[in-house]
Amino acid sequence: MTEPTANPAPAAASTGATKVMRVTLVTVTYGDRWHLLSQALASAFAEGIARAVVVDNGSRASIAARCEAAYGDRVRVIAHPRNLGSAPGFRAGIEAACAEKADRVLLLDDDNRLERGALGKLLDAHRAAAAEAPARALAVVGFRPANQTDIGAGKTRQALHVNAFFGFHLKHLPRKVWQRLPRLKKPAAAPTRPIPRLGLLDFAPYSGMLFDPSLIDLIGLPDPNFVLYADDTEFSYRVTRLGGQLLVVTDARVADIEPSWNTKRLHSSAFAAWLAGGSDLSVYYAARNRACFEAHSVVHSGWIRGLNRGTFLLVMRVLAARLGKRDRYRLFCLAVDDGEAQRLGVKHGFELT
């Protein structure tokens, strides 16, 4: 895989791509989230999308009526009688967009919005990259600094640590300890590197991802058995596994309307996020699916990952005792066991609402 240079030459100026290309937006909503979805849709139509496919996962709000009132027949609503999760939702939406012969498909979560100029920049980047290797698996992704932290720090690639357990690797421990030492014990920090215009990702979130429908012929649709969480990781990583490219376009910004429960900056550590953040349902599916992804989608060394796994769980167990979160720790371990054993689908007792 060829990595982009730190500051690649700018793409050609926008040529009205947003008006020429027939872009179909796909998003999924549920519950009572029209106040979020309406902002996501407004930002996408303001950027020049042609149509939107909204998958309504059993919303309490009248999504179809509100979409028709706001956008007429430019929005197609696929209504599910109950919440099936993000994986079945995006699967249905992507399938519908491809069947409608969209030139490009753009995915967006219902709690994100495109910032001004984002769509044109994504289209320009996709066109420039596809011109170099038209047969290559390719998707471009809008920049969300809270998700692509390595790119935001000036790196040209945000890589998956193949032998890590939930992002934890013992080889990173000395650096992490050093970073937590008092500032007086450290030399002056190195100058901040500029953010590259393009960066490589090994995997990406759904939100802000744009691709040609032919990509689905190559990598397939999201796996509905993941239900929710990490389904976008598994889906997008197929591009990387095939030797393709996931390019993040840093001047194509995607804004979070509300932060996710597991955003790093909301917690003192990854251990605390799992023990104290979110609901039991969220933690179960997120942990189960990540464990499944790491164990079965990523080629790794069993003993190295096992060593990182054991260390991570030991630290979490000690912290759980200190925080009075033993029940959450046991739930986390159950989720990991289920994921590694590929016991997927909806978990009894954790049905979605």
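Predicted model: local features only at pLDDT ≥ 70, side-chain atom pairs only at ≥ 80, totals over all residues.

A: Let's begin with one word: a residue is buried at under 20% relative accessible area, exposed at over 50% and partly exposed in between, using a 1.4 Å probe and protein chains only.

Residues are numbered from 1 along each chain as its sequence is written, and side-chain values use heavy atoms, leaving out hydrogens and water. The pLDDT (the predictor's confidence in each residue, from 0 to 100) averages 90 over the protein chain, with 87% of the residues scoring at least 70. Residues 5-19 fall below 50, and this stretch has 25 contacts in the model beyond near neighbours in sequence.

The chain holds 13 helices and 10 strands, which are DSSP runs (H or I, at least four residues, for helices; E, at least two, for strands) numbered from the N terminus.

Now to the inside. A nonpolar core is a set of buried Ala, Val, Leu, Ile, Met, Phe, Trp, Tyr and Cys residues joined through side-chain atoms within 4.5 Å. The largest one has 34 residues, and Leu25, Leu41, Ile49, Leu106 and Leu210 touch the most other members. At least two residues each come from the helices α2 (34-47), α3 (63-71) and α5 (118-132), and from the strands β1 (23-30), β2 (51-57), β6 (138-143), β8 (198-201) and β10 (245-256).

Take Leu106 as your guide. Setting aside neighbours within four places in sequence, Leu106 is in contact (heavy atoms within 4.5 Å) with Val23, Thr24, Leu25, Val26, Ile49, Leu114, Leu119, Leu122, Gly208, Met209 and Leu210. Apart from this core lies another, of 31 residues, including Ala96 and Ala204. Across the whole chain, 81% of the contacts with a separation of 6 or more join residues 24 or more positions apart.

Two of the contributing helices also pack together. The axes of α2 and α3 (lines fitted to C-alpha atoms over the stretch in contact, with angles from 0 to 180 degrees between N-to-C directions) lie 12 Å apart at an angle of about 30°. Their crossing is right-handed, meaning that the near helix is turned clockwise from the far one by less than a right angle. Trp34, Leu37, Ser38, Leu41, Ala42 and Phe45 of α2 make the contact with Ile63, Arg66, Cys67 and Tyr71 of α3.

Elsewhere, α11 (residues 280-296) and α13 (residues 326-340) have axes that come within 7 Å and cross at roughly 35°. This crossing is right-handed as well. Among the residues that meet there are Ala287 and Ala291 in α11, and Leu331 and Ala335 in α13.

Helix α9 (residues 231-241) is mostly covered, with 10 of its 11 residues buried, including Phe235, Tyr237 and Arg238. Gly243 follows α9 and has a positive phi, near 85°.

Finally, look at the loop between β7 (157-158) and α7 (173-180), where Asn163 lies. Asn163 counts as buried because its relative accessibility is 14%. Beyond residues up to four places away in sequence, Asn163 touches His169, His300, Ser301, Ile304, Arg305 and Asn308.
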